[in-house]
Amino acid sequence: MSAARLAVTGGVLSFRALFNWMRPGIYLPTMLGVPLFQIILFVYLGRYSRLHDDAFYIVGNAIAVSGMASVFGMTMVISNERYFGTLASVFASPAARIPLFFGRVIPVAFHGLLVSAFGFLTGAALFGFRIPGLRLLPLAGVVGLTVVASAGVGMFLGSLGLRVRDVYFVSNVAYVLMLLVSGVNVSTGLLAPWLEALGQALPLTHGIAAGRAVLSGPGTPVLRELGWTAGLGTAYALAAYAFFRLWEIEGRRRGSFDIY
Amino acid sequence: MTPQVAIEAHDLRRTYRTSTGTVRRRRIEIEAVRGISFSVLTGQIFGIVGPNGAGKTTTIKMLTTLLQPTSGRARVLGFDVVHDRQEVRRRIGYVVGGDRGLYDRLSGYDNLRYFAVLYGVPGGEQRRRIGSVLELVGLEKRASERVEGYSRGMRQRLHVARGLLHDPPVLFLDEPTIGVDPVGARDIRQTVAALAAAGKTVLLTTHSMIEAETLCKRIAVIAQGRVVVAGSAAAIKDSGTARAVTEILAGDVSEATLQRLRGLPGVLAVSTEVRDLTLMIRVQSTVSADLTPAILKQLNGARILNLSSRQPTLEDAYIELVSDLGRVEPN
Amino acid sequence: MPPYGVIRAGWALHLKSLSMSTFFVFVYLVMPVLLAAIAFYLFRNGARHVSLFEGALGTGMMGLWSTTLFGAGEALTRARREGTLELMVLAPTPLFYSVFAITLASATLGLYSIAATTLCAYLLFGVPIEIAQPGWFAAGLLVSVVSLGLLGVLLASFFFLYRYANALTNLLETPVWLLCGLLIPVALLPGWSVPVSWILAPTWGIETLRAAASGSDAVRPLLAEIGVGIAYLLLGLRVLGWVERLACVRASLPLA
Ligand SMILES: Nc1ncnc2c1ncn2[C@@H]1O[C@H](COP(=O)(O)OP(=O)(O)OP(=O)(O)O)[C@@H](O)[C@H]1O
Ligand SMILES: [Mg+2]
């Protein structure tokens, strides 16, 4: 009961406290404007190069922007504790660490879904992209899972950010790298082998593949890709949690909670 | 009925390892706390005073489970701060001084709500608890504003409120009145006194000797990671060698005159402080006998504006105690 | 007579500090290279034949715009935070020049982007670097940096008045890439984009570079870019004078 409240109420409060783009003046341009133009840019680039059709870029980027919202959101929601100097107070509390840590995914994931929905709407409004009614729900499911799995990557970066300076550099690089290697704009088969391998290690890659597979007709590839998405997301999240606990133990040993 | 020990520290030590230099890294060890022992009885207010870098915060962090002692043991309400961390955390409130450590973008109320959740304050009680701690620190009118707009003192009060949220029996306050205006500081002191009267145990650090003297039943003076002296304010005053202090506000005092004052029998130290065009001369002596006539005789020729004799204060004793050891430069 | 000393000193200072900020390393180096790689894959595999070298120049120019934009935003955010904004206004040098020193420095970082994307094309994708008219190419780079620096002043004065400059910078990045035809011809965009593209310096900058590289007429776009740059200069002087006066009226810059 109190664990559930810790996860839900605590998660929401920490999102409001730590998500940098809470204010409308910052939020609207960043979280809606950037996805909008990203989709426009790549659809036009696709049309110009005549590599894939519009739908390829719309699906890829609409899911990718939700991944971005997740990665950045999660990074902030964890690593900003250091920026505010609140880490010591949090670690001084008896709160159970598992709900404390994983509860923060909840608002981030909802937010990612929202951003993704906006991305698909952009595709629909500007480029006449249509999703067959029956596919809508499975697609939402795929996006939901991808968002949560990407939050795992964000968690991982966020945990690193509790110790490493300039974690946003890493998040920024990670995001643009995903645009290259995750099959957002270039199908992964065309990439150099090492880039392709890199892409396979990211949940977003499999989430996007699953999303495209859903739209082209459900079947085994969807389930396989979803399995990979979930598995990779879990792996990142667990690694993140391990780091988080490690920092706590190490912080107690070295006295490094307030050093930022 | 024997009094219960709420906090006990036994030969606590803590060494920090850091490195300096970017190119040629050199490992350095800082012995922040070098064997501190004390105990605090239930319902007592115990003060730790000492110069910057003496190891006060380090000691508090060890007692609040945030820092692993290098050696030694400590217990809070019978629970070991290393092995029974969760038990300790549930029972203590921890207040840090300073203006960081709050969620700037949330309102004061929401900051408290978050910590109420972290401390597992039951949902039904939350509202009431938050309301009562806000009232206690006098923030109830501004609680709905974002913390980023708070003044330093308001932040400090919010810190105090946060520490009280789960109604802990033991409180650790690290410089609770830092940055708070005199009236606000008095309010916080009154709050702390009332809490102790209600049976809570308080361990606080402060740089204000007046605060330590008015509030604390017992005080430990620490310097360079060791307890120099511990006891009641009166006992600490006695542990200093000075028995009387004569303060003279005078003009046209020559260095030779000061030398003569230093030579008087029974005089321990003569310190001076420039005040506008005059000099404040402070003569500490070991004899309780009145030195005034002797001093006046030496000051013959100087323009004396004021002269008074008083008992040494805690501050006098403190300065004497810690200046013997040499100040630890904050690094 | 503009105070060259002030500009040179400020430029050197900010160039050094910006080129070491990790965020700017991302903006001028990492992002252009990754975007270039995306463009290369699309151009190499797509049905239309697009020169990868042009793609490299385009993504490099995208970097030039990004550094200018983020430089202008960051300069103000930082000056506001550190309280040096008032000092800049108070100093006897007109605000225009102290701001120009910053925006010129950030635009200069864009040269790294162009170098990085061309090198990436050469090293990873085997694209030969062939420049038919190196002189005009160099002139194109120089004029682009200066006129983007001047455009940066206009942006900065706009950010003076808008507190969330950083959010706005995110918003302005991609549209200008599109409107200047840096990767995709403007002709593919909706019709109103064409006249808008004419008033943006990067449009002429990329055209000059492409022309100089391929050996066609580079003089016309270069002159056009100089013209646009002069317009930015005149406008910037006026607008910043106005901002300065406004600062005195409001008695405080940080509240902007
Ligand atoms: N995390 C740390 N790493 C290395 N050294 C530290 C660390 N924290 C504290 N120290 C050092 O330990 C010593 C004691 O510091 P501490 O913060 O306990 O002093 P303090 O008595 O609280 O001082 P103040 O009155 O200034 O708050 C100082 O020399 C300080 O530099
Ligand atoms: Mg301290």
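Visitor: How many salt bridges are counted between chain B and chain A?

Guide: The count for chain B and chain A is 2 salt bridges. The model is predicted: local features need pLDDT of at least 70 and side-chain atom pairs count only at pLDDT 80 or more, while totals for chains, interfaces and linings use all residues. Residues are numbered from 1 along each chain as its sequence is written, chains are lettered from A and ligands numbered from 1 in the order in which they are written, and side-chain values use heavy atoms, with hydrogens and water left out.

Visitor: Why is the meeting of B:R89 and A:E248 called a salt bridge?

Guide: The term requires a side-chain nitrogen of Lys or Arg within 4 Å of a carboxyl oxygen of Asp or Glu. The side chains of B:R89 and A:E248 meet at 3.8 Å, N to O, so the pair qualifies.

Visitor: Which elements of chain B supply at least two residues each to the side that touches chain A?

Guide: They are β1 (5-20), α2 (85-91), α3 (108-118) and α4 (123-137) of chain B, helices (H or I, at least four residues) and strands (E, at least two) being DSSP runs numbered from the N terminus. The largest share, 6 residues, comes from α3(B). The residues on this side of chain B comprise 14 nonpolar, 7 polar and 13 charged.

Visitor: How much area do chain B and chain A bury between them?

Guide: They bury about 3,100 Å², with 53% of it on carbon and sulfur atoms; buried area is the accessible area (1.4 Å probe) that two parts lose on being put together, summed over both. The contact takes 34 residues from chain B and 39 residues from chain A, where contact means heavy atoms within 4.5 Å. Among the 2 pairs of chains that touch, chains A and B have the most contacts.

Visitor: How far apart do the closest C-alpha atoms of chain B and chain C lie?

Guide: They lie 14 Å apart, and no contact joins the two chains.

Visitor: Why is α6(C) described as largely enclosed by the rest of the structure?

Guide: Buried means under 20% relative accessible area, exposed over 50%, and partly exposed in between (1.4 Å probe, protein chains only). In α6(C), 19 of the 27 residues are buried, so the helix is largely enclosed.

Visitor: How does the reach of helix α6 of chain C compare with the expected value?

Guide: Helix α6 (residues 134-160) of chain C reaches 39 Å from its first C-alpha to its last, close to the 39 Å expected. The expected span is 1.5 Å times one less than the number of residues.

Conventions. Ala, Val, Leu, Ile, Met, Phe, Trp, Tyr, Cys and Pro count as nonpolar, Asp, Glu, Lys and Arg as charged, and the others, Gly among them, as polar.
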